[in-house]
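Visitor: I am new to this structure. Please show it to me, and then I will ask how its terms are applied.

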Amino acid sequence: MERRARLIEQAHALLAANDMGPFVRPGKELYPHQWNWDSAFIALGLAHVDPERGRAEVRSLLRGQWSDGMVPHIVFHIPAPDYSPGPELWDSGACEQAPEVPTSGLTQPPVLATAVRVLHEAAPDRSFLEEIVPRLEQWHAWLHRDRALDSGLIAIVHPWEGADNSPRFDRALARLEVGGELDIKRTDNHEIDASERPTDHDYLRYLYLVRRLQAQGYRPALENWPFVFVDLTLNSILAAAEDDLAWLWGELGGDGARASVAAERLREALADRWDESSAVYVEDDGDPMMGDETIDAMFPLYAGVPQPAQARHLFDAALWSPTRFGPSPEAPWPVTSASKASPAYDPRRYWRGPVWVNINWFFIQGLERYGMRAEADELRRLTLELVSRSGFVEYYDPRTGEPLGVSDFSWSAALTLDLLLRK
Ligand code: 2M8
């Protein structure tokens, strides 16, 4: 069988094997529940092979939506006693706005509207849009209401709302004064080599933040909260998702004005973060991410923020630079999740160096948006080559392409389907 047909068949089979009935799990063993952006990627891939199952995935995630609009980062549809920390840590039932099904109290990057658009483009279903679009509207509106900073950008309040183990959170986590020992059993560093997962030092801080958040119903006042982080990844994903939501409203003949205006405002606020000398966007005012530069710094490309000349500069000097995120003789697989020049770069530890299929997918979309066709095609080619050699796993060593993390990882399979099948 030719490689393309084989990859399609294997990716589809993997999603079927991870189908738990009410939802598709992100991966075998370590991830037995429904995660938010994982489900969006899964729906996006299923759009091309089984749109009805893709729509079910979206509906299922939205069963976890809170009455204020938030779509949580994990929905615990079914018991999985071996997974820790599970629903008992979150205790969402104690929160007035939580739904019946147990969930976490945080959110994740809002890819869902983009997935719903891809589903609709692949297999239109107006009644599905009528049901879902108002729910997406509520989620986005909640982000702007509860999490907006004066800059117009959106804050995250916990690393689990982003790429949790990224070095970009190190300084903010280090500022938290947390004592004591971990008092729960972690599943992740038993299933996977501990040297590839977050340290206990960081995990202790994740739990400390969750417990403090729980005590305030997961709705902290941003001015008093010790972890308020402007994640450029989440903001860029939201800007693109607002465009897609406005488009979806258009399909319904409804009013997408709030979404279009929000997309433009986010783009303007993100554009202010451009730093010509480093050819990337900076995280903190006046404090470029020196030393701990990550993919976050390039994400505005995905949302169409740079001027065309800036996009070219970002590609040449950062995304494709052999000494930063691009292919080099000693690490030929792009895109590294942290810059190779960063002291925090660790090619096997998750979110601190390895290659991720979802990240490559975002940059492929970004390059295509700028008409950088050859560049997008090359990144697509290398990504497909990587999954073809190493399988659909959670992340990959950029030096060897070696598979790392969880095997049979759903979003790697789902986004491969999108890379191969989107018209
Ligand atoms: C990872 O996050 C979870 C915590 O929610 C974990 O470490 O157990 C992250 O990579 C996150 O982005 C992803 O959604 C999740 C499931 O794939 O795993």
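Guide: What follows takes the ligand, the spaces in the protein and some backbone geometry in turn. This is a predicted model, in which local features need pLDDT of at least 70, side-chain atom pairs count only at pLDDT 80 or more, and totals for chains, interfaces and linings use all residues. Residues are numbered from 1 along each chain as its sequence is written, and side-chain values use heavy atoms, with hydrogens and water left out.

Visitor: What makes a residue one of those that surround the ligand?

Guide: A residue counts as near a molecule if one of its heavy atoms lies within 4 Å of it. The ligand has 14 such residues around it, and the closest are Trp 35, Asp 38, His 73, Gln 108 and Tyr 350. By class, this shell has 10 nonpolar, 2 polar and 2 charged residues. Here Ala, Val, Leu, Ile, Met, Phe, Trp, Tyr, Cys and Pro count as nonpolar, Asp, Glu, Lys and Arg as charged, and the others, Gly among them, as polar.

Visitor: What makes a space a cavity, and what makes it a pocket?

Guide: On a 1 Å grid over the protein atoms alone, a cavity is a set of points where a 1.4 Å probe fits but cannot get out, whereas a pocket is an open set with protein on both sides within 12 Å along at least five of seven lines. The structure holds 1 cavity of 30 Å³ or more. The largest cavity has about 390 Å³ of space. It is lined by 28 residues, with Tyr 31, Trp 35, Trp 160, Asp 164 and Tyr 350 closest to its centre; a lining residue has an atom within 4 Å of a point. The ligand takes up the space of this largest cavity.

Visitor: What is known of the largest pocket?

Guide: The largest pocket has a volume of about 320 Å³. Its lining has 4 nonpolar, 2 polar and 7 charged residues.

Visitor: How do you know that the bond from Ser 84 to Pro 85 is cis?

Guide: Its omega is near 0°.

How values were computed:
A molecule sits in a cavity or pocket if more than half of its atoms lie within 2 Å of its grid points. Grid points are joined across faces, edges and corners, and a volume is the space filled by probe spheres set on the points.
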